[in-house]
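Got a moment to go through some charged pairs and burial calls? Let's look at the labels and what backs them up.

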Amino acid sequence: MSTAPVPGCLPRTPGKIIAVHVSYESRAAQRGRRPAAPSYFFKPSSSLGVSGDAVERPQGTELLGFEGEIALVIGAPARSVSPGEAWNHVAWVTAANDWGLYDLRANDKGSNVRNKGRDGYTPVGPRLIDARTVDPATLRVRTWLNGELVQQGETADLIFPFSQIIADLSQHLTLDTGDVILTGTPAGASVAAPGDIVEVEVDAPHGGATSGRLTSQVVEGPGDFDAAVGSLPTVDDVQREEAWGSREAAGLPAAVPALSPELRAKLLRTPVAGLSQQLRKRGLDNVSIEGVHATRPGRKLVGVARTLRFVPNREDLFHSHGGGYNAQKRTFDTVREGEVIVIEARGERGSGTLGDVLALRALARGAAGVVTDGGVRDHTTVAAIDLPVFSQGPHPAVLGRRHVPWDADLTIACGGATVQPGDIVVGDDDGVIVIPPAIAEDVADAALAQEAEDAWIAERVASGHPLDGLFPMNAEWRKKYEAATHTGHETGA
């Protein structure tokens, strides 16, 4: 009976490869989220590679990400060991590159089976460092892309020291001799393309020990994915930003800043009808999202648009894009505080486009609300949730009856209005409108001024004055209004 070959420098083929999601302070800062405890995923031993191997980016894909890491090789079985004992169970230290194809990330959130488990996506080596000769708190990992240093991390920057990771894992499972732990990557991980060369080295700067440079050359591989059997590659701007490390690095436009508290307060005080009037004065007539109503009357909606698009249902496309961690779930899972999820459902009322679970997720993320020109499932429950939701009304059916959740963070059409990510969305019982962010402050100020004027006129009408000359005000009434608002009391009325 033959056995699998030992990959490169490793003394044996590991039974387990365990990787840490986020473990460096610099990486946590880059991602904008710091974990309270370490979390993990498995990589198959078939993903192992050696220095000099080619790493394939399948044809038609975009986001092959590299992550330089320190790999620990277990030398003696560890089960329920303490942090103080943990390092005694490590035999060797070496370099690793935790490659991942973000295009395949969508349907394996957290587990990374497809995107990080591909053949050759865990090269290690080229040499082992004896763990007994180094201080685990003073190691360093560096990564070069085409000769340029792009990552550098020291173990002093770890959120979770190696001893904690080993002890934590060992309280849940046995770490066997030969198992490999990938300990996470520092900031600077990014994307490589065919023709690029990525090198990773682990060393002890003050002791001279080094793994040598682990070298990988990226090549184009076959892209023969079959939608009939599983998930197809798909990317959006959220994945691009995470793969490249920032919107700027990914070549994306800068994120639109959240509403200032001052502008938000103005918009909360201003009726949609008044804002609509001011937009029309500026030549913007097609900014109303038609046919949508609040699940709970009396709720005001103000926020920055985050867009999601559904396409008409087609069975093969729903099979490839409708299940798993699809565009709908990704959007609700990543919506930011103050954002409004705006859904293009083509005015199709014959299916729900969200329900109570997604509404609760949006609320937990701090979303400002949801607008959809489709239906809402669990309508009564959604109405009871403290989240403004505007829709075409209730419908019990799930997405697959009418829709395929397709993509997000792009220009969409909702209720006959064009909506772009970053647009300002305001809704009340009169409806929902879209305001270009560049003019939002001016529109809000003008609308509030008009509201004050209209309130003054309403008082005159209520007291018996006829409309002629008062609404709209002629020069005589304008003079009276200006005098009244200037002195703080009415004169000559």
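Q: Which residues are linked with Arg140 in a network of salt bridges?
A: Glu199, Glu201, Asp203, Arg142 and Arg213 join Arg140 in that network. Keep in mind that this is a predicted model. Over the whole structure there are 32 salt bridges.

Q: What makes Glu62 and Arg240 a salt bridge?
A: Their side chains come to 2.7 Å, N to O. The cut-off is a Lys or Arg side-chain nitrogen within 4 Å of an Asp or Glu carboxyl oxygen, so the pair qualifies.

Q: Why say that the pair of Glu62 and Arg240 ties together parts that are apart in sequence?
A: Glu62 sits in the loop between strand S4 (54–58) and strand S5 (64–66), while Arg240 belongs to helix H5 (residues 237–244), so the pair ties together parts 178 residues apart in sequence.

Q: Why is Glu62 called partly exposed?
A: Its relative accessible area is 31%. Buried means under 20% and exposed means over 50%, so Glu62 falls in between.

Q: How do you know that Asp386 forms a salt bridge with Arg299?
A: The closest N and O atoms of Asp386 and Arg299 are 3.2 Å apart, and the limit is 4 Å, so the pair counts. Asp386 lies in the loop between helix H11 (379–384) and strand S21 (389–391), and Arg299 in the loop between strand S17 (293–294) and strand S18 (301–312), so the pair ties together parts 87 residues apart in sequence.

Q: What makes Arg460 and Glu459 a salt bridge?
A: N to O, their side chains meet at 3.3 Å. That is within 4 Å, so this pair passes too.

Q: Why does Arg460 count as buried, and what is Glu459 called?
A: Arg460 has 7% relative accessibility, which is under 20%, so buried it is. Glu459, at 48%, is partly exposed.

Q: How much of the chain is buried?
A: Buried residues make up 51% of the 493 residues. The accessible surface of the chain is about 21300 Å², with 52% of that belonging to carbon and sulfur atoms.

How values were computed:
Residues are numbered from 1 along each chain as its sequence is written. This is a predicted model: local features need pLDDT of at least 70, side-chain atom pairs count only at pLDDT 80 or more; totals for chains, interfaces and linings use all residues. Side-chain values use heavy atoms; hydrogens and water are left out. Helices (H or I, at least four residues) and strands (E, at least two) are DSSP runs, numbered from the N terminus. Buried means under 20% relative accessible area, exposed over 50%, partly exposed in between (1.4 Å probe, protein chains only). Accessible areas come from the Shrake-Rupley method with a 1.4 Å probe; for residues, only the protein chains shown count as cover.
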